[in-house]
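Here's a quick briefing to read with the model open beside you. Have a look at the fold first, then work through the notes.

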Amino acid sequence: MNRNSKITLGSVVTVFILLANFGCRKPDYEAMAMDITKEAKTNLVQKLTNALAEGGTKQAIPFCKQNVMAFTSNLGSKKGVLLRRISDKPRNPMNLVTDEENKIFLEISGNPSKEGEYPVKTVTADHTVTVYVPIPTVGLCLQCHGEPNVDIKKETLDVLQKEYPGDLASGYKVGNLRGLFSVQFTR
């Protein structure tokens, strides 16, 4: 075997070894979920901020009702996952945690770090991996999710009552866990 053949054979073997190792790596579901939820949060905040700037909460609340569920679902489809926002106190009843998700919600909400950050939780099943990413309450949230008649103005409360008669999603303070993103991967 001449020198060029040895180099070519060595290169081919190296490529096969790299490909074999790449194929054996387990996906980093948590990192992928964090990327997906970061995109969702960024886009939702941007859209909500625009709606608030255009017409205040009177416009933002109907905008949310009409668009946020579809946006979340569509982003999940685009990324090849089942993406949901869930809460123990939802505004939209379709976002209510299941009994199993409520246990996870309670576990996450009961374990904030010293800095007030909530942990991410990954649950692996036979054919799925679900990553739960916290949605903490930030200042912008309070005008619709804070204390009624303190953070939430009467005009906003009226719109919320009209759009969401069974609303449970108020009474939060900055730093409270308001919900979770549920990012379910098929494996």
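α2 is the top contributor to the lining of the largest pocket, giving 15 residues. For the terms: helices (H or I, at least four residues) and strands (E, at least two) are DSSP runs, numbered from the N terminus. Pockets come from a 1 Å grid over the protein atoms alone: a pocket is an open set of points where a 1.4 Å probe fits, with protein on both sides within 12 Å along at least five of seven lines, and lining residues have an atom within 4 Å of a point.

Before going on, keep in mind that this is a predicted model, where local features need pLDDT of at least 70 and side-chain atom pairs count only at pLDDT 80 or more, while totals for chains, interfaces and linings use all residues. Residues are numbered from 1 along each chain as its sequence is written, and side-chain values use heavy atoms, with hydrogens and water left out.

**The pocket**

- The largest pocket has a volume of about 830 Å³, a volume being the space filled by probe spheres set on the grid points, which are joined across faces, edges and corners.
- Leu 48, Val 68, Arg 85, His 145 and Arg 178 are the closest to the pocket centre, out of 39 lining residues.
- Two or more lining residues come from each of α2 (29-79), β1, β3, α4 (142-145) and β4.

**The chain overall**

- Five helices and four strands make up the list of elements, and from the N terminus they run α-α-β-α-β-β-α-α-β.
- Of the chain's 187 residues, 32% count as buried; buried means under 20% relative accessible area, exposed over 50%, and partly exposed in between (1.4 Å probe, protein chains only).
- Take the contacts (heavy atoms within 4.5 Å) between residues at least 6 apart in sequence: 70% of them join residues at least 24 apart.

**The sheet**

- Four strands form an open sheet in the order β1-β4-β3-β2, with antiparallel pairing; two strands pair if DSSP finds at least two bridges between them.
- β1 and β2 (121-124) are the edge strands, each pairing on one side only.
- On average, neighbouring strands of this sheet are turned by 20° against each other, direction ignored.
- Helix α3 packs on the sheet and touches β1, β2, β3 (128-136) and β4, and its direction makes about 125° with that of β4. Axes here are lines fitted to C-alpha atoms, for helices over the stretch in contact, and angles run from 0 to 180 degrees between N-to-C directions.
- β1 is joined to β4 (residues 177-186) by five bridges, and Leu 82 sits opposite Gln 184 in β4.
- Between β3 and β4 there are nine bridges, with Ile 135 opposite Gly 179 in β4.
- β2 and β3 are joined by four bridges and form a hairpin with three residues between them. Thr 124 has Val 129 in β3 as its bridge partner.
- Strand β3 is mostly covered, with seven of its nine residues buried.

**Arg 91**

- You'll find Arg 91 in the loop between β1 (82-86) and α3 (99-109).
- Why does Arg 91 count as buried? Because its relative accessible area is 12%.
- A polar atom of the Arg 91 side chain lies 2.7 Å from the backbone oxygen of Cys 144.
- The Arg 91 side chain also makes a polar contact with the side chain of His 145, at 3.4 Å. A polar contact is a pair of N or O atoms within 3.5 Å; within protein, one must be able to donate a hydrogen and the other to accept it, and residues adjacent in sequence count only if both atoms are side-chain atoms.
- Leaving aside neighbours within four places in sequence, the contacts of Arg 91 include Leu 160, Tyr 164, Asp 167, Leu 168 and Ala 169.

- Pro 136 lies in β3 and counts as partly exposed, because its relative accessibility is 34%.
- With neighbours within four places set aside, Pro 136 is in contact with Asn 176, Leu 177 and Arg 178.
- The C-alpha atoms of Pro 136 and Tyr 118 are separated by 7.9 Å, with the two residues 18 apart along the chain.
- Thr 186 is in β4, and is exposed because its relative accessible area is 67%.
- Thr 186 and Gly 80 are 106 residues apart along the chain, yet their C-alpha atoms are separated by 8.5 Å.
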